[in-house]
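Please walk through this structure with me, strand by strand and contact by contact. Keep the model open as you read.

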Amino acid sequence: MAIIAMALLDPYTGPWTSDQAAHLARRTTFGATPVQLAALTAAGMSAAVDSIVDYAPVDLPLENRIVDLPSGTTEYDRIKNPVSDRDVEGWWLYRMVHSTQPFQQQFALFLHDHFVSEWDKIFSTVTPEANNGNDGSIPGQSCIRTSGSLPADPNRRGAIAVRLMRDQHNIFLTLGHGAFKSLLVAITRDPCMLIYLDNRTNFKTRPQENFAREIMELFSMGVGNYNEQDVKEIARALTGESVNTSCLLNWPYSYFYAASSHDTNPKTVFGVTFNSSVPGEDTNKVIDLILQRVSNSTVSPNHAVYPAASLYMSWKFLTWFVNQGIAISDEAVKELADFFYNNTSAGGYRYNVRETLRLLFKSSFFYESQHRFKLFKNPAEYVVTALRALELDDPSYAGNVNNWVREMGMKLFDPPTVDGWAHGHTWINASGVVARFNYANRMSTSVVLSDTAIDSLIEQHIHGYDDDAGIASFFASRLLLDSLTFEEADIFMQLFKDIKGSATTTTQSIYRKKVRAALHLTMTMPRYQLK
Amino acid sequence: MSNMNRRQFLKVGLSGLAYFTLEQTTPKWVMRAARALPLSCLTSGRILVILQQSGGNDGLNTVIPRQDDIYYDALTRPTIHIPKGMEINLDGLNGIHPSMSGIADWYQQGNAAVLHNVGYVNPDFSHFTSTDYWETGGVPGQLMPQQGWIARFYDNTCNGHGDPEALFMARTGSSELPDMMAGSQNYVPPTISSAASYSLQTGEDRAARLNAIHDMNNLPTIDSDVEFLQRSVNTVEASTADIATANAEPDLYPGGYTADSLGNGLKLASKIIRAGFDTRIFYVSQGGYDTHANQAISGNVTTQGDHQRLLGNLSLNVDTFLKEMRDTGNLDRVLILTFSEFGRRINENGSSGTDHGAANVMFAFGGGVNGGVFGGQPDLANPLRGNLRHSVDFRSVYSAVIENWFGAQAAPVFGQANYDSVIAPELARLQFVKTNANVKDWANYG
């Protein structure tokens with residue numbers, strides 16, 4: 001199979017202005033501040049994309065910022081040391097808002113939506129006795145003990161569940177952009193996933209097909225590329241990939257290869273028979289076979305030459321970053337799959353995620369005007385984009401912002417199904433709209449936007465308190481990274497007129513009311529729901 | 001409050017609400033909503049409540065075939081079967097789970113129907129795919145419809161009959177719009193997860209801000225996504241005041257609803273009906289039926305466990321809802337229809353649970369129901385790969401509701417060919433809905 005000539009994914013060669021840079025920022029970095037947008041514009045297309053995708057595994061300024069947060073306040077203690085679902089949701093939202101390499105967070109969100117684990121199942125799996133002091137530190141003791149060497153702590157169970165979710169999240173942050181194979185292996189052996197999709201109880205005497213099915217159906221290839229016998233054989237090959245429940249270690253839910261539970265008879269997957277005596281090698285083989293499996297797809301004759309995983313994952317990248325309406329049979333999917341599978345130039349391995357995303361974000365297809373403002377912002381993006389763009393902070397991420405994001409339909413670390421969130425139109429329902437608009441209202445109040453913030457943020461951009469056009473365009477430029485149409489501007493002017501009433505000139509207090517109302521209104525615009 | 005009273009309230013009362021008296025103008029959309037004309041379709045006043053049991057309910061432990069020896073065989077359900085005599089007898093052949101005494105009472109009063117063996121050809125065992133079939137009214141081998149069956153039913157019956165009030169349908173107790181109600185050309189039903197928080201907040205300058213939000217979401221557009229957003233915002237604007245009105249209705253049975261999606265959903269549906277709104281179709285949902293493990297506590301306490309808790313909550317909430325309907329003279333115009341994406345395997349698995357199955361039991365409740373058992377008994381002796389075979393297509397059940405409850409046409413909803421070949425022949429066996437003649441005409445209800 002040869003590398004085909006690109007067309008849609010040829011490098012973008014059109015004009016590079018703040019308009020194109022804004023599209024890139026809306027799609028990859030939760031928008032941008034004016035300084036950030038100016039830097040992306042000045043860098044030129046190629047360097048701008050590089051500056052976004054070449055993030056470090058650890059966001060040091062972010063970690064330092066969190067270390068430096070004052071202790072002793074409920075809010076910051078929750079972010080520094082989350083022990084519940086509420087806390088860990090706030091923990092992540094705070095990181096999204098304050099990350100210095102936001103694409104890392106955006107891509108972690110993609111991966112969380114792709115490799116789903118749900119809080120409810122993880123939390124309910126952790127033994128409640130953990131709160132009684134069971135640290136699993138006594139050899140031979142069952143994990144289910146009523147007490148232990150640690151002092152009782154009502155939060156320990158929650159803290160263990162949080163750690164399971166955070167360890168999985170850390171895989172997304174540190175391995176997400178590399179070789180897709182490494183990511184699949186890491187996820188297969190992630191304790192959180194081993195619990196969530198039950199592979200921890202997949203033993204040779206009682207095979208469990210839950211993970212074996214989903215690693216193909218949802219995590220790599222999509223339906224239609226395997227049969228029920230393949231599911232059973234992969235389940236057998238993955239027997240023994242488990243978590244430690246013998247409590248020989250301090251951490252009772254660590255990865256554990258249960259060699260005695262592994263099925264040592266030959267397995268046949270996609271017609272290939274294998275059986276290794278090396279612990280865990282059958283897992284490696286399964287993932288190799290999945291990644292080489294040529295698509296059964298008949299949607300397009302050309303598809304038959306591509307590995308199913310390269311097509312499926314390319315389709316997921318494209319629907320997340322470019323346009324939800326893209327079908328797996330589309331030309332762009334084929335082109336991206338070809339690069340994803342065949343191009344080994346950077347790194348020397350197939351399925352190089354970072355290089356594939358780099359190619360996508362530099363492609364002419366990505367910047368086509370038909371895609372502008374055609375993706376719906378998810379609830380996290382709705383909140384995070386506004387806070388980042390205005391360089392504001394909400395005083396309560398764990399307990400307040402996280403609740404609003406839940407009300408909008410997204411409980412982080414707890415997607416509704418193993419297939420993740422449905423996205424698109426499903427974000428826009430009546431209750432979700434109410435929650436979005438009410439969070440916009442919260443932002444417009446002094447809880448988030450203080451009088452001081454108004455003065456320092458905006459007064460330098462306006463020409464006196466009567467500069468209504470200046471107020472309106474300020475929020476459009478920050479939140480939409482776009483300018484207002486004449487009709488939209490007119491609605492702002494009417495709003496300001498209504499607020500001003502019959503006064504002939506605007507005082508500072510009326511000016512602040514106009515600013516608050518303008519922020520509220522901007523976040524209710526259809527274009528702000530889109531990106 | 002009756003319809004007429006409520007309209008009066010909207011016209012006269014809204015300007016009296018505290019926040020508007022502080023402002024110079026009433027938001028324009030409030031005026032518009034108050035002027036809306038009623039829809040001239042589905043005018044009988046009858047109400048349908050769809051109740052989803054999400055995850056795949058184990059029908060065999062819900063309605064127990066108490067005369068079937070295979071059910072009690074040690075190889076079938078050794079650790080999770082309901083021990084003989086624990087079930088509540090319905091009709092001799094069938095007994096209901098002991099946690100469902102509330103529903104059993106309604107059965108004895110003739111207000112509950114059991115529909116056995118409902119499913120479709122070539123059953124799919126994926127939650128997602130099978131739910132899609134039940135929500136859209138599609139079946140394997142045919143193109144999956146892009147609209148939910150209720151949306152198609154609505155478009156087919158009501159297009160050209162005026163603009164619906166925002167609350168013509170509602171999903172209550174959850175924020176997600178069910179696929180069943182999605183895709184109408186003309187109408188997006190509101191979703192209300194919590195009645196108490198379903199209102200647009202404004203810090204200051206309320207009327208000015210609400211007017212601006214309205215105008216911003218009503219600019220002319222040719223963009224389908226923007227148009228969709230606009231419709232959703234308009235639905236919110238037109239329904240928040242109504243929900244506040246409804247939410248002021250009292251709880252007639254305090255503690256009678258659980259504080260979860262199903263309890264909150266039925267509680268709000270009851271309030272909306274009792275407040276006199278013209279809502280025709282509600283959708284409520286209860287999750288957690290995917291009982292692969294610990295469905296029952298094995299041993300001699302199999303009437304306890306996750307499934308017991310789910311069915312107990314189902315019975316409690318349905319019982320309270322029906323009582324509130326009865327006490328307010330609404331029982332004869334409500335019909336609750338339950339569904340789940342599939343039943344479960346006949347034999348239990350190794351974890352005191354059951355795996356995904358096929359045909360299943362549905363319920364219909366309310367004053368418009370002919371009580372009894374329909375669809376024959378489940379045939380445990382003749383399984384299809386370990387699962388119950390279906391003898392009633394779920395689209396026939398929907399069609400019975402469309403035709404006999406609403407007096408509308410089902411064939412255009414599911415396709416004439418499907419109607420002729422599958423649905424029409426089954427309808428005669430599905431007389432669980434009282435036909436128009438039997439139910440008081442609610443056209444001038446209120």
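**Strands of chain B**

Strand E1 (residues 47-53) of chain B runs parallel to strand E9 (residues 334-339) of chain B, and 6 bridges pair them. Strands pair here if DSSP finds at least two bridges between them. Helices (H or I, at least four residues) and strands (E, at least two) are DSSP runs, numbered from the N terminus. This is a predicted model, in which local features need pLDDT of at least 70 and side-chain atom pairs count only at pLDDT 80 or more, while totals for chains, interfaces and linings use all residues. Residues are numbered from 1 along each chain as its sequence is written, chains are lettered from A and ligands numbered from 1 in the order in which they are written, and side-chain values use heavy atoms, with hydrogens and water left out.

Stay with E1(B). B:Gln52 has B:Phe339 as its bridge partner in E9(B). E1(B) also runs parallel to strand E8 (residues 281-286) of chain B, again over 6 bridges. There, B:Leu48 has B:Ile281 as its bridge partner. Strands of a sheet pair through backbone hydrogen bonds, either parallel or antiparallel.

How many residues of E1(B) are buried? The count is 7 of its 7 residues, so the strand is mostly covered. Buried means under 20% relative accessible area, exposed over 50%, and partly exposed in between (1.4 Å probe, protein chains only). B:Ile47, B:Val49, B:Leu51 and B:Gln53 point one way from the strand. B:Leu48, B:Ile50 and B:Gln52 point the other way. All of them are buried.

Chain B also has an open sheet of 3 strands, in the order E2-E4-E3. Its pairing is antiparallel. Strand E2 (63-65) and strand E3 (88-89) of chain B stand at the edges. Each has a single partner strand, so one side of each is left without a neighbour in the sheet. E2(B) pairs with strand E4 (residues 94-96) of chain B over 3 bridges. B:Ile64 stands opposite B:Gly95 in E4(B).

Next comes helix H11 (residues 306-327) of chain B. Its 22 residues should span 32 Å at 1.5 Å a residue, and its end C-alpha atoms are 32 Å apart, which agrees. The expected span is 1.5 Å times one less than the number of residues. Just after H11(B), B:Gly329 takes a positive phi of about 75 degrees.

Two salt bridges in this helix deserve a look. A salt bridge is a side-chain nitrogen of Lys or Arg within 4 Å of a carboxyl oxygen of Asp or Glu. B:Arg309 meets B:Asp306 at 3.9 Å, N to O. The two are 3 residues apart in H11(B), which means about one helical turn between them. B:Arg309 is partly exposed at 44% relative accessibility, and B:Asp306 is partly exposed at 31%.

B:Lys323 pairs with B:Asp319 in a salt bridge, with the closest N and O atoms 3.2 Å apart. They lie 4 residues apart in the helix, about one turn. B:Lys323 is partly exposed at 25%, whereas B:Asp319 is buried at 14%.

**Salt bridges in chain A**

Over all chains, the structure holds 49 salt bridges. One of them joins A:Asp85 to A:Lys411, with the closest N and O atoms 2.8 Å apart. This pair links distant parts of the chain, 326 residues apart. A:Asp85 is in helix H6 (residues 85-98) of chain A, and A:Lys411 is in the loop between helix H19 (397-407) and helix H20 (430-444) of chain A. Is A:Lys411 buried or exposed? A:Lys411 is buried, with a relative accessible area of 16%.

Chain A also has a network of salt bridges. It links A:Asp50, A:Asp54, A:Arg354, A:Glu355, A:Arg358 and A:Lys362.

**An exposed helix residue**

A:Ala42 is found in helix H2 (residues 34-43) of chain A. A:Ala42 is exposed, with a relative accessible area of 68%. A:Thr17 is 25 residues from A:Ala42 in sequence, and their C-alpha atoms are 8.4 Å apart.
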